[in-house]
Amino acid sequence: MTDAVRLRGVEYKWNGRDAFALSVGALQIPRGERLLLLGPSGSGKSTLLSLLTGIALAQAGSVEIMGQQLEGLSGSGRDRFRAEHFGILFQMFNLLPYGTVMDNVLLPLSFAPQRRARAMAAGGTDSEARRLLSALGLPADIGQQTAATLSVGQQQRVATARALIGSPEIIVADEPTSALDDDRQQDFLDLLFGQVDATKATLIMVSHDRRLARHFTRVVELSDILTTSKRQSDKI
Ligand code: ADP
Ligand code: MG
């Protein structure tokens with residue numbers, strides 16, 4: 001079976017910024033793994049997730065997701081590929097503030113026919129959205145509430161339901177626990193892992209918090225996969 005993720009010789013610099021360069025010799029993530037990628041703030045964790053999901057395109061090397069080389073796709077092809085195969089949990093959640101909870105959870109299905117078909121097969125898109133919201137501990141009547149009126153903990157659960165709907169193969173989470181206090185972190189991780197296990201998804205989480213390590217099947221330090229890390233800010 002092909003791996004979920006295969007990176008080879010990847011080089012990346014943000015446009016016009018020479019102070020930071022990401023360089024990854026090799027990273028292979030088999031399907032079904034729960035991987036925690038650890039690194040301090042500014043080390044390139046979010047940049048690496050942008051490369052994995054095709055939000056950013058590596059300037060050298062290859063990024064292969066579920067057997068598909070991202071550099072072989074056009075920009076819109078990468079957008080479709082991302083919507084279909086990735087559930088993404090952003091650090092700041094990125095909900096549409098004026099949309100309802102249901103609008104937000106259902107949004108990825110507009111761009112992902114296979115995810116839509118899976119949600120349909122599970123009993124319909126609306127009922128699947130409600131099932132996830134309830135599994136994540138949200139009240140049954142929250143669906144018509146506007147996202148901007150939610151608490152931080154509720155926003156995070158809605159963003160999680162949006163990442164999980166239609167069972168994408170890979171769930172990517174960018175420091176999803178950083179806005180929560182310790183008790184809520186544990187609750188949230190239990191809920192997330194329960195859902196990830198149920199769909200046998202691959203989970204890739206990045207964080208600076210190594211206390212999370214015990215929840216994962218594999219822990220990788222970003223510094224161990226970077227081949228050269230040129231950070232001029234360190235030299236000043
Ligand atoms: P981390 O997620 O580990 O905190 P980031 O990947 O966000 O690290 O940042 C690594 C470097 O890339 C930093 O120097 C940051 O300023 C830069 N960077 C991150 N995102 C962007 C962006 N969208 N445009 C330009 N530079 C960016
Ligand atoms: Mg980050």
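A salt bridge is a side-chain nitrogen of Lys or Arg within 4 Å of a carboxyl oxygen of Asp or Glu. The exercises below apply this to a predicted model.

**Exercise 1. Describe the salt bridge of K13 and the accessibility of its two residues.**

Step 1. K13 pairs with D18, and their closest N and O atoms are 3.6 Å apart.

Step 2. K13 has a relative accessible area of 30%, so this residue is partly exposed.

Step 3. D18 has a relative accessibility of 47% and also counts as partly exposed, because that class lies between the 20% and 50% limits.

**Exercise 2. Find the network to which R211 belongs, and state how many salt bridges the structure holds.**

Step 1. R211 forms a salt bridge with D209, in which the closest N and O atoms are 3.0 Å apart.

Step 2. The relative accessibility of R211 is 53%, so R211 counts as exposed. D209, at 13%, counts as buried.

Step 3. D182, D209 and R211 are joined into one network by salt bridges that share partners.

Step 4. The structure holds 10 salt bridges.

**Exercise 3. Determine how strand 8 is placed in the structure and which strands pair with it.**

Step 1. Strand 3 (residues 34-38) pairs with strand 8 in the parallel sense over 5 bridges. Strand 7 (residues 170-174) also pairs with strand 8 in the parallel sense, over 5 bridges.

Step 2. M205 of strand 8 is the bridge partner of L36. M205 is the bridge partner of A173 as well.

**Exercise 4. Describe the surroundings of ligand 1 and its contacts with R17, G44 and T47.**

Step 1. The residues around ligand 1 are W14, R17, F20, P40, S41, G42, S43, G44, K45, S46 and T47.

Step 2. By type, the shell around ligand 1 divides into 3 nonpolar, 6 polar and 2 charged residues.

Step 3. Helix 1 (residues 45-52) gives the largest share of this shell, 3 residues.

Step 4. R17 places a polar side-chain atom 3.3 Å from an oxygen atom of ligand 1. For G44, a polar backbone atom lies 3.0 Å from an oxygen atom of the ligand. In T47, an N or O atom of the side chain is 2.6 Å from a ligand oxygen atom.

Step 5. On its own, ligand 1 has 550 Å² of accessible area, and the protein covers 65% of this.

Key:
Residues numbered from 1 in each chain as written. Chains lettered and ligands numbered in written order. Predicted model: local features only at pLDDT ≥ 70, side-chain atom pairs only at ≥ 80, totals over all residues. Heavy atoms only, no water. Near = heavy atom within 4 Å. Polar contact = N/O pair within 3.5 Å; in protein donor to acceptor, adjacent residues only side chain to side chain. Areas by Shrake-Rupley, 256 points an atom, 1.4 Å probe, with all protein chains shown as cover. Helix = DSSP H or I, 4+ residues; strand = E, 2+ residues; numbered from the N terminus. Nonpolar A, V, L, I, M, F, W, Y, C, P; charged D, E, K, R; others polar. Buried < 20%, exposed > 50% of the residue type's maximum accessible area, 1.4 Å probe, protein only. Pairing = 2+ DSSP bridges.
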